[in-house]
Amino acid sequence: MDKSEKLALSLSGLLLIVFFGALMYAAAAEDLEVPTCITDMDPFTTDTLFQTSEDTYELHMIARMWAFQPSTIRLPVGSTVDMYVTSQDIIHGFKVENKNVNLMAVPGAINYVRVRFNEPGEYFFACHEFCGAAHHTMAGRFVIEESVDEPETIGG
Amino acid sequence: MENKETEHEEEFKPKGAVAFFILLIILFSIIWFGLYFEMLGRV
Amino acid sequence: MSDYSFRFTKSSKYLNAALIIIPMVLLFIGIYGGLMQTLFRAGIIQSDPFVGGDYYKGLTFHGVLNAIVFTTFFAVALGNALIPYSLKKPLNTKVAWASGILMLAGSVLAAIVILMGEATVLYTFYPPLKAHPGFYIGLTLLVVGSWVAFFNWIPMYLEWRKENEGKKTPLAVVGMMTTFIIWLVATLAVAVEILFMLLPWSLGLVDQINVMLARTLFWFFGHPLVYFWLLPAYVMYYVFMPKLAGGKLFSDMAGRLVFMLFIIFSIPVGTHHQYMDPAISSQWKLVHGIFTFAVALPSLITAFTLAASLEHAGRKNGATGLFDWMWKLPYFDKEKWFFPFLITGLIIFIFGGIGGIVNASYSMNTIVHNTAWIPGHFHLTVAGPVLLAFLGGSLYMVGQFMGKKIRFKGFAMISPYIYTIGLLIMSYGLKVGGLMGMPRRTNTGASYANPDSVLYQPDWVAYIDMSVIGGSIMFIAVVIYLVSFFGTVFSKSDSTEEGSVVTFPISEPLHDEPSTWLRNFKPFIIILIILIVLSYTPVIYDVITTTYDTSLPYSPNSPVPLR
């Protein structure tokens, strides 16, 4: 092997190791992980939102043809949400705008992510897995406000 | 002629390709870390 | 060294020409579908003006015809050409014809049910969306046909190895065999998915299906599929391009190492498409992510080796200095019209390559998964280097196998540059839109890009419009290419004695190390099998134990199950 080839190979290896290290740092420092197996949650068929501690909420969301239940979730700034998502029919999915939330909703399985909303605003999400003729009308949003008297969900 | 060509090839060192490759790695790092910090900003 | 020529039998020449011309027609239908999709997404059309049906039907035939049918036919045609040519052995034409007929029958069957609107399930055909059984049968026939082509080459390869002990297998053959070893292993999983799950369920013999299991089997196949697309292009880069540029392949060993690394790492990586899925533990997703990083290595080595080969060519053409060689290459030489198809693909692949690393980067996948970034990315790979190399290869082979001179060489030469401009515009729009949250596979024209809709997202519109502009330029480029392609096909044959033999531009290596440890596929296949078992056993176990329900079939038109 030529010297220059060895250099190119080492540089490539180094690049990938640096990337990997940065990802492991993000996982350790910011808890940036990908969804994992959920085994401590019973299957659910209705959507709910409830408070589990002062600023923590648990959301059970159902995706179906062609709506998210709930489709609007109104919460105060600083809320942390434990989101559990499943599908009642075929595969759906969504990504919340400007947030590291991106989940597939698959029938027969529960998906989970924890997200914290530090800034007020509207966080839009659209169904991003093809789910039939009206797929493009399936969307929802988080509405995060400075003061919310009663956290609520709309569309269910 | 034939000999000269072989000689030229023996001493061929891909300096330009190495320089190109280093630039490529730098470009890759810029793009990748751009998106990485986008992700950190969305926490 | 003068170019070596090989006399193919008449029958195998007809076959190879047919394997290129027929999918070219299907490709054009698919590309037409692609153009319509950009118009749908921008809200310019609401139904297909020629074929009828909605965005999703168009998306299905665009994906199936371009990414699965055209690519498979081309890979088989290239193998049918390069393997007999490089080994100097005749092709068993009966078997080769059987393979071609199976592939054609399957493709036509699948295309018909898609165009009838009976299989609007996109090219990933995730259950519980159900397609007409003809769709699954058609895909199976296509895959089986490609297996038959591969099985036809194995005895030729083994025989050659026996007769030429101690000699290196020609790099082109190593590359084509690698392509089909990966293809065979990968398609076994999708064959299990189709034959034991989807087809009986679609026929009504089985009621329910485990959606996550089917999805996982699909991605076992779905990622190596991209290497099945890419590797024939790599074969052309390594074997043809240095010679076309006027130089030599910098390192023969690098080429062999790259192909062997692809055998090892291209399959135990599929779960990186399922980072955002439930029912698979994150640590196993990470393992697949690490292997995906590993499979980036052979592509990085390729980038360097090809740059060094082009530098060698550039210096032979009189270049001095550090970067002068880049300008001393035959970019606009009509007689070397094949070169632009390869070099444009490589330039595009700079962006395709880093995009792929981003997608594979574990938690970073949350910012791109299933957004418009993804089609933005894979158009820079499969619809970039792969398509362009395949178009160039198709034109070259059709000229060789029909014994015709290439017509409208200027059109052929310029088309990849025009295409590249369009592609970069379209992909930029898709990628930036995706980072803003724009979903892929979505008829945005009917909602998010429609000012009258309550869902209107004004921020996305500029990026959607960019994909219309880029997509239109790409379409025009392909039409320009087809003038040359069909101009050649329908031109009067100038069949001289010279025209009846076939020649390929095979590059000589500059560094030709013995690389004895890279000469045999066996150890690498064994490592592959070990890695598959280690990486997929826990994933399948997770999927089976963590899912709690199975699914009835659904049509895309109703939220009520079909039975």
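Tutor: Here is a close look at that interface, taken step by step. Keep in mind that this is a predicted model, where local features need pLDDT of at least 70, side-chain atom pairs count only at pLDDT 80 or more, and totals for chains, interfaces and linings use all residues. Residues are numbered from 1 along each chain as its sequence is written, chains are lettered from A and ligands numbered from 1 in the order in which they are written, and side-chain values use heavy atoms, with hydrogens and water left out.

Let's start with the contacts: 54 residues of chain A meet 72 residues of chain C, where contact means heavy atoms within 4.5 Å. Together the two chains bury about 5300 Å², and carbon and sulfur atoms give 69% of that; buried area is the accessible area (1.4 Å probe) lost by two parts on being put together, summed over both.

Now for the charges. The rule finds one salt bridge across this interface, meaning a side-chain nitrogen of Lys or Arg within 4 Å of a carboxyl oxygen of Asp or Glu. The partners are A:Glu129 and C:Arg441, with their closest N and O atoms 3.0 Å apart.

What does chain C bring to its side? Helix H9 (282-316) of chain C gives the most, with ten residues; helices here are DSSP runs (H or I, at least four residues), numbered from the N terminus. By class, the side of chain C that touches chain A has 42 nonpolar residues (Ala, Val, Leu, Ile, Met, Phe, Trp, Tyr, Cys and Pro), eight charged ones (Asp, Glu, Lys and Arg) and 22 polar ones (the others, Gly among them).

Conventions:
Helix = DSSP H or I, 4+ residues; strand = E, 2+ residues; numbered from the N terminus.
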